[in-house]
Amino acid sequence: MFHRIGRAVVRHPIWTILAWVFVAAAVVATAPSLPSSSDESSFLPKSYESIQAAELQQSAFPSSFTPSAIVLYQRADGGKLTPEDLKAAAGITSQLGAKKIDQVKQVVPGPPSKDGKYVMGLVSMNDETAGQPAQMDAAKALRNDAKDLTKGTQLEAKLGGSAAQGLDQQESSNRANVLTFVGTFVIILLTLLIIFRSPILAVLPLVVLLALVSTTANALIADASKLFGLEANSSISALLIVVLLGVGTDYYLFLMFRYRERLRAGDEPKQAMINAVDRVGEAIASAAGAVMISFLALLLSTLGFLKQMGPALAISVAVTLIAALTLFPAICSLIPPRALFWPSKAWRKEPANARFAALGRGVQRRPGLYAAVSGVIMVALALGTLGFKATFDLAAGSMPETKESMVVQTEMQNSYSAGAAEPTSVLVTSSSAIDQSALPAYEKKLAAVSGVADVAPAAMSKDGKTANITVTLKYGSATDAALDVITDVREVAHAEAPAGSKALVGGMTSIFKDINAAVNHDYRTVFPLAALLIMVILGLLLRSVVAPWYLMASVGLGFAATLGATVLIFQKGQGHSGLMFMLPVIMYLFVVAIGTDYNILMISRLREEAREGRDPREAASMAIRHAGPTVAAAGFILAATFATLMLGGNSLLTEMGFAVSFGIVVAAFVMAMFFTPALTALIGHTAWWPGRQDQKKTVTPQSAPAEPRPLDLSAKH
C-alpha cells in the first residue's frame, strides 16, 4: 500500500500539492471560530455532587451568587481604612454596577477584612458564560473602570476572582504561546541545519507545517469542536504548536533519512523517494496510529478538559501523518537531490556512523548488560513516583504570582480567612418545607468540623424547600488541607441532614474534590485502554504476540522513570507542594504514545535487518547503526520542542515541558537505543512468535529496492 502511495505522489507531485492547497483553503474558509473556556466547573459532568449543588443553588437562589469577580479596595499607603474610605469604596462599587457592563448582573458591597485594611466589592456575572471570552472582556472593563474611579481618592482597587484569573491566564497563555512558537521554530531550524547542512531541507518542513498543515488542522479542530459541542481550553494552544511542529518534523526526518539512504544505495531520485515511502511508511503510519488512538482514548475521560484536548491533538497528528506520506514526498520529488541537499555533498556517500556502529556492536556483544543497566536506572528513577502529590490550583499553576488576580488571591488569604474568596455552600433540600428549627443544630455540627473557620446562618429559598448554608474554610480552596476538610464536611452534611432532606456540598473546593475523583477514574480506564490499543497496533505491525508485551513494558517503565524524575526535581528539589493534577495523564499519553514511535522505528528496522538473513544479535547491531541516527535526531528535536514549554513562565507549562521532554529523551536515547534492541537480541526468534517476520524473504527484482530500478511511470499498481 505504501509503495502505491509513494508512486502516486511522485508521479503526480503538482496535483498532490494543488490538492493540499485547495483542501486547506476550503477547510479554513468554512471553519467556525473556536470557542474557549477556562471554567474549572466545566471540567466535570453533571453526575458529580459539586455540579448538582451549583445547579440547585442557581434554581433555588437565583438572586444569590458566588462572585465571578472581586474588587479589592485598600488604601494606597497600606494603612487601615477610614470611615471615609469605606464610604468611597461603597460609592465606587455602586458606580461599577451602574455602568451595566456586558455580562455583569450586579456589583454589591462585600465585608471588610478582619485587619481593617481591605474591603470587597462582589461581582455577579452570567453563569452561562463562565470561562468564556465574554466574561474575560467584562473583567477587563471592570478592572479599568475600577482603577479610573479610584483616581482622586486615597484608595486603589485590584480585580481578582475567577473571571479576572481567566483574563490573566489568557494573557499569560498568549505570551507562552509566542515564546513556545519562537523557541520551537529556532530549535527545529538550527537542528535541521546541523543534520542536513542544507537551508532548503531545514526550512522546508517549517514552511509546509505552518502554511498548510497547521492551518488545516486548526480549521478541522474548529469543525470538530462545533460538531461535537467541544470547547478548547487556553492551555491546549501551546501543546498544539509543539505537536504539529515537533511530531511533524519527526515524521519528516523518518522520511528524509530513508530517502537519503536510498540515494546512497544507488536508486534513481524519484525511485528513491518511492522506496523511502514504501520502507518507512508503515512505521510512520503505525507510530501516528498509536499516538492518535492514545489521544482519542481521552474521550472516555470524565474531565471536560481532557475530552476537549484528545480529539484536537488526534486531528493534528492525523493531518501531519497525511502530509508526511503525501505532501513532503511530492515536494521533495520535484527538487533534484543536488539542489535539495545543497550546499552539502555528504548525502552522496554513506558515513561510517562510527558512534552508532560502536553502540550497535556493544549491544551485539553484551545485550544482557545493556538491558540490565538501562533497566536498573529506570527502576531507580521510577521509585520517585512514591512521593507524587497532586495540586489543583489551576490559576496558580498557569500564571505567575505577580499577575493582579494572583496578588488579590494572596492578599485575601492573608487578611480574610483563606477560604473567604471561594466559600463552600451546603445546600439542604427537601420535597416539602424544611423544618427550620433543626437548622441551628445542623450548622453547629458543620462548624465543629476541623478546618472550618465560619458557618453563616442558613438562607432559605422562597418556597422554603431549600436552605443555603455558607461554610468558610480555614484554607485556600485548592490546597490539600481544604480537600481533606471538604471530605469531612461532606460526611457530616450528608449524615446529619435534617429528617426528610438531603444535603449537597458545592463550591470550588468541592469541585476540586470531584476533579480528583474523576482523575482517579481516568487512571483506571484511559491508561489501560490506551495501552491495550497501542499493543494491538504493535501486534498488527509486527505480526507478533510476544514483542508488543515487552515493548509496552519498556515504554511503561520509561513513563514511571519520567514521573519519578519530575517528582524528585519539582517536589523534592524545588519544594513544590505537588504537581499539577493532570500532568500524569498528559505525560502518559505523550511519553507512552510518542515514545512508542521510536520503539516502532527501531523494531521495524531490526526486523528489516533480520529479513536480510542476520541473526538476532547482528540484526540489533545493524538496526542501531542505521536507525540510531534517525531516532537520535528525531528524539532530540521533539524533546527540545517540548522543552520550550518551560519558557511559558508558569509552573504548569514548566512541569509539563520538563516531564514530556525528559520522557522523550528516555524513550529515544535509553529505551529505543539500548533497552529494546538488547531485549530483542536476548529473546531472539521468539520475539516474533507466532509470525515469521524475522525470516529472510526471497529476493526478487520487484521486491528488492536495494537494487536501483528505473522509474516506469506508465506502470499500473
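Strands pair here if DSSP finds at least two bridges between them; helices (H or I, at least four residues) and strands (E, at least two) are DSSP runs numbered from the N terminus. Because this is a predicted model, local features need pLDDT of at least 70 and side-chain atom pairs count only at pLDDT 80 or more, while totals for chains, interfaces and linings use all residues. Residues are numbered from 1 along each chain as its sequence is written, and side-chain values use heavy atoms, with hydrogens and water left out.

**The four-stranded sheet**

- The sheet is open, with four strands in the order β2-β3-β1-β4 and antiparallel pairing.
- Since β2 (104–112) and β4 (155–160) each have a single partner strand, they stand at the edges, and one side of each is left without a neighbour in the sheet.
- Neighbouring strands are turned by 20 degrees against each other on average, direction ignored; axes are lines fitted to C-alpha atoms, for helices over the stretch in contact, and angles run from 0 to 180 degrees between N-to-C directions.
- The hairpin of β2 and β3 has five residues between the strands, and G116 takes a positive phi near 75 degrees in it.
- β3 also pairs with β1 in the antiparallel sense, over six bridges, and Y118 of β3 is the bridge partner of Q74.

- Eight of the eight residues of β3 are buried, so the strand is largely enclosed by the rest of the structure; buried means under 20% relative accessible area, exposed over 50% and partly exposed in between (1.4 Å probe, protein chains only).
- In a regular strand the side chains alternate between the two faces of the sheet.
- Y118, M120, L122 and S124 point one way from β3, whereas V119, G121, V123 and M125 point the other way.
- Helix α4 (residues 83–98) packs on the sheet and touches β1 (69–75), β2, β3 and β4, its direction making about 150 degrees with that of β1; contact means heavy atoms within 4.5 Å.
- Helix α15 (residues 404–415) lies across β1, β3 and β4 and runs at about 105 degrees to β4.

**Nonpolar cores**

- The largest nonpolar core has 169 residues, of which Y251, F590, Y598 and F642 touch the most other members; such a core is a set of buried Ala, Val, Leu, Ile, Met, Phe, Trp, Tyr and Cys residues joined through side-chain atoms within 4.5 Å.
- Helix α22 (residues 651–683) contributes the largest share of this core, 19 residues.
- Leaving aside neighbours within four places in sequence, F642 is in contact with residues including L239, V242, F590 and I664.
- A second, separate core of 24 residues includes A89, V104, A157 and A163.

**Packing of α9 and α18**

- The axes of α9 (residues 269–296) and α18 (residues 508–542) come within 9 Å and cross at roughly 165 degrees.
- That makes α9 roughly antiparallel to α18; angles under 35 degrees count as roughly parallel, over 145 as roughly antiparallel, 65 to 115 as roughly perpendicular and the rest as oblique.
- Residues making the contact include G289 and I293 of α9, and L533 and I537 of α18.

**The chain overall**

- The protein chain comprises 22 helices and 11 strands.
- Buried residues make up 57% of its 717 residues.
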